[in-house]
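Please prepare a short report on the structure shown below.

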Amino acid sequence: DTAVSQTPKYLVTQMGNDKSIKCEQNLGHDTMYWYKQDSKKFLKIMFSYNNKELIINETVPNRFSPKSPDKAHLNLHINSLELGDSAVYFCASSRTETNEQFFGPGTRLTVL
Amino acid sequence: AQKVTQAQTEISVVEKEDVTLDCVYETRDTTYYLFWYKQPPSGELVFLIRRNSFDEQNEISGRYSWNFQKSTSSFNFTITASQVVDSAVYFCALSALNSGYALNFGKGTSLLVTP
């Protein structure tokens with residue numbers, strides 16, 4: 001059983017489109033996160049949710065909107081995609097905010 | 001503000017050599033957590049270890065060992081008798097209240113182990 005899953009694994013789309021990435025964890029964790037890994041492999045936090053409430057909202061364009069329908073899911077919706085959005089997006093979860101985070105397999109987004 | 005520095009961008013060793021990956025951090029929080037993650041060529045991020053700022057005991061897990069020294073703000077990672085399967089990018093990370101406990105990652109060290 002996959003602990004943290006993301007769909008899709010690959011996403012290729014045109015500039016200007018709107019797309020969503022889904023994340024689900026079956027670990028019973030309270031906290032979920034979205035990270036972005038750029039082409040130089042640098043990982044940076046985007047959002048964090050604790051029990052469906054937004055905790056961290058880093059400086060990301062407001063074209064990015066996270067949605068947490070329940071504790072086990074944290075989806076990422078991106079409007080008006082730009083070339084610079086091309087990256088690998090990782091979802092993660094942790095039991096509490098201070099515990100280790102477990103990562104999903106990543107979604108490689110390519111904007112053409 | 002928190003900062004994690006991994007000064008070694010790339011390291012190349014021959015199998016069976018020991019290798020140490022350096023990690024230096026900065027934070028004003030008195031309570032914080034340090035982590036190491038491994039990212040093999042397949043791309044997933046694998047959790048290796050978590051330490052809190054009050055526990056300076058070194059840890060050993062098989063061929064892996066970690067040396068946490070608050071006096072030098074370092075949390076170094078040593079692989080003993082390296083193997084080809086250890087080839088990966090290794091990330092050191094810091095979390096603290098000041099950043100909402102999000103992981104602040106270093107830029108990673110790419111380790112290549114050749115036969």
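## Salt bridges in chain A

A:Glu82 and A:Arg63 form a salt bridge in which the closest N and O atoms are 3.5 Å apart; a salt bridge is a side-chain nitrogen of Lys or Arg within 4 Å of a carboxyl oxygen of Asp or Glu. This pair links distant parts of the chain, with A:Glu82 in the loop between S8 and strand S9 (87-94) of chain A and A:Arg63 in the loop between strand S6 (53-57) and S7 of chain A, 19 residues apart. Strands are DSSP runs (E, at least two residues), numbered from the N terminus.

The model is predicted: local features need pLDDT of at least 70, side-chain atom pairs count only at pLDDT 80 or more, and totals for chains, interfaces and linings use all residues. Residues are numbered from 1 along each chain as its sequence is written, chains are lettered from A and ligands numbered from 1 in the order in which they are written, and side-chain values use heavy atoms, with hydrogens and water left out.

A:Arg63 also forms a salt bridge with A:Asp85, the closest N and O atoms being 2.8 Å apart. A:Asp85 lies in the loop between S8 and S9 of chain A and A:Arg63 in the loop between S6 and S7 of chain A, so this pair ties together parts that are 22 residues apart in sequence.

A:Asp30 lies in the loop between strand S3 (19-25) and strand S4 (31-37) of chain A, and A:Lys71 in the loop between strand S7 (64-70) and strand S8 (73-78) of chain A, so the pair ties together parts that are 41 residues apart in sequence. A:Asp30 is partly exposed, at 25%, and so is A:Lys71, at 35%. Over all chains, the structure holds six salt bridges, including these:

| Pair | N to O distance |
|---|---|
| A:Glu82 and A:Arg63 | 3.5 Å |
| A:Asp85 and A:Arg63 | 2.8 Å |

## B:Gln39

B:Gln39 belongs to strand S5 (residues 32-39) of chain B and is buried, at 2% relative accessibility. Its side chain makes a polar contact with that of A:Gln37 (2.9 Å); such a contact is a pair of N or O atoms within 3.5 Å, where within protein one must be able to donate a hydrogen and the other to accept it, and residues adjacent in sequence count only if both atoms are side-chain atoms. A polar atom of the B:Gln39 side chain also lies 2.9 Å from the backbone oxygen of B:Gly43. Beyond its neighbours within four places in sequence, B:Gln39 is in contact (heavy atoms within 4.5 Å) with residues including A:Lys41, A:Phe90, B:Leu45 and B:Phe91.

## Nonpolar cores

The largest nonpolar core has 25 residues, and B:Trp36, B:Trp66, B:Phe77, B:Tyr90 and B:Leu111 have the most contacts inside it. Its largest share, five residues, comes from S10(B). Apart from it lies another core of 20 residues, among them A:Val88, A:Phe90, B:Val89 and B:Ala93. A nonpolar core is a set of buried Ala, Val, Leu, Ile, Met, Phe, Trp, Tyr and Cys residues joined through side-chain atoms within 4.5 Å.

## Confidence

Chain A has a mean pLDDT (the predictor's confidence in each residue, from 0 to 100) of 93, and 98% of its residues reach 70 or more. Within chain A, confidence is lowest in S6(A), at a mean of 81, and highest in strand S11 (residues 107-111), at 98.

How values were computed. Helix = DSSP H or I, 4+ residues; strand = E, 2+ residues; numbered from the N terminus. Buried < 20%, exposed > 50% of the residue type's maximum accessible area, 1.4 Å probe, protein only.
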